[in-house]
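The sequence and structure come before the details.

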Amino acid sequence: MKNRIKEFRVQNVLTQDQLAEKLGVSRQTIISLERGRYNPSIIPAFKLASIFQCQMEDLFIYEEGR
């Protein structure tokens, strides 16, 4: 699954550290999310959408067959 987390983070003028603090995770988790190495569970995904005031579908792009 691809995501647009970095794009939204930059648009909202947040550092990885700031986003990690808001989400309650480590900076390393944010790095893994942005690089597509980690897909969050439903609760962190909802929190990210809330932080960025968008729908989860705006953040996460599902690619069928991958």
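## Aromatic pair

A search of the whole structure finds one aromatic pair; rings of Phe, Tyr and Trp (its six-membered ring) pair if their centres lie within 6.5 Å. The ring centres of F8 and F52 are 5.6 Å apart and the planes stand at 45 degrees, so this pair is tilted. By plane angle, under 30 degrees counts as stacked, over 60 as edge-to-face and the rest as tilted.

The pair joins distant parts of the chain, with F8 in helix 1 and F52 in the loop between helix 4 and helix 5 (56-59), 44 residues apart. Both F8 and F52 are buried. Buried means under 20% relative accessible area, exposed over 50%, and partly exposed in between (1.4 Å probe, protein chains only).

## Basis of the values

The model is predicted: local features need pLDDT of at least 70, side-chain atom pairs count only at pLDDT 80 or more, and totals for chains, interfaces and linings use all residues. Residues are numbered from 1 along each chain as its sequence is written, and side-chain values use heavy atoms, with hydrogens and water left out. Helices (H or I, at least four residues) and strands (E, at least two) are DSSP runs, numbered from the N terminus.

## Nonpolar core

The largest nonpolar core has 15 residues, of which I5, L19, L48, F52 and L59 touch the most other members. Such a core is a set of buried Ala, Val, Leu, Ile, Met, Phe, Trp, Tyr and Cys residues joined through side-chain atoms within 4.5 Å. Two or more residues of this core come from each of helix 1 (5-11), helix 2, helix 3 and helix 4 (42-51). In soluble globular proteins, nonpolar side chains tend to be buried together.

Leaving out residues up to four places away in sequence, L48 touches I5, L19, L23, L33, L59 and F60. Contact here means heavy atoms within 4.5 Å.

R9 lies in helix 1 and counts as buried, at 9% relative accessibility. Beyond its neighbours within four places in sequence, R9 is in contact with L14, T15, Q16, L19, E34 and F52.

## Helix 2 and helix 3

The axes of helix 2 (residues 16-23) and helix 3 (residues 27-34) come within 8 Å and cross at roughly 105 degrees. Axes are lines fitted to C-alpha atoms, for helices over the stretch in contact, and angles run from 0 to 180 degrees between N-to-C directions. Helix 2 and helix 3 are therefore roughly perpendicular to each other; angles under 35 degrees count as roughly parallel, over 145 as roughly antiparallel, 65 to 115 as roughly perpendicular and the rest as oblique. Helix 2 contributes Q16, D17, L19, A20 and L23 to the contact, and helix 3 contributes R27, I30, I31, L33 and E34. The residues of this contact divide into six nonpolar, one polar and three charged. In this grouping Ala, Val, Leu, Ile, Met, Phe, Trp, Tyr, Cys and Pro are nonpolar, Asp, Glu, Lys and Arg are charged, and the others, Gly among them, are polar.

Within helix 3, I30, I31, S32, L33 and E34 are buried. The buried residues of helix 3 pack against strand 1 (2-3), helix 1, helix 2 and helix 4.

## Positive phi

Most residues other than glycine have a negative phi. V13, which is not a glycine, has a positive phi of about 50 degrees. V13 is in the loop between helix 1 and helix 2 and counts as exposed, at 70% relative accessibility.

Q53, also not a glycine, has a positive phi of about 50 degrees. Q53 is in the loop between helix 4 and helix 5 and is exposed, with a relative accessible area of 74%. G36, which follows helix 3, has a positive phi near 75 degrees.

## Chain ends

I61 lies in strand 2 (residues 60-61) and is partly exposed, with a relative accessible area of 33%. Not counting residues up to four places away in sequence, I61 touches M1, K2, N3 and R4. I61 and T15 are 46 residues apart in sequence and 22 Å apart in space, C-alpha to C-alpha.

E64 is in the segment after strand 2 and is exposed, with a relative accessible area of 71%. E64 and M1 are 63 residues apart in sequence and 8.7 Å apart in space, C-alpha to C-alpha.
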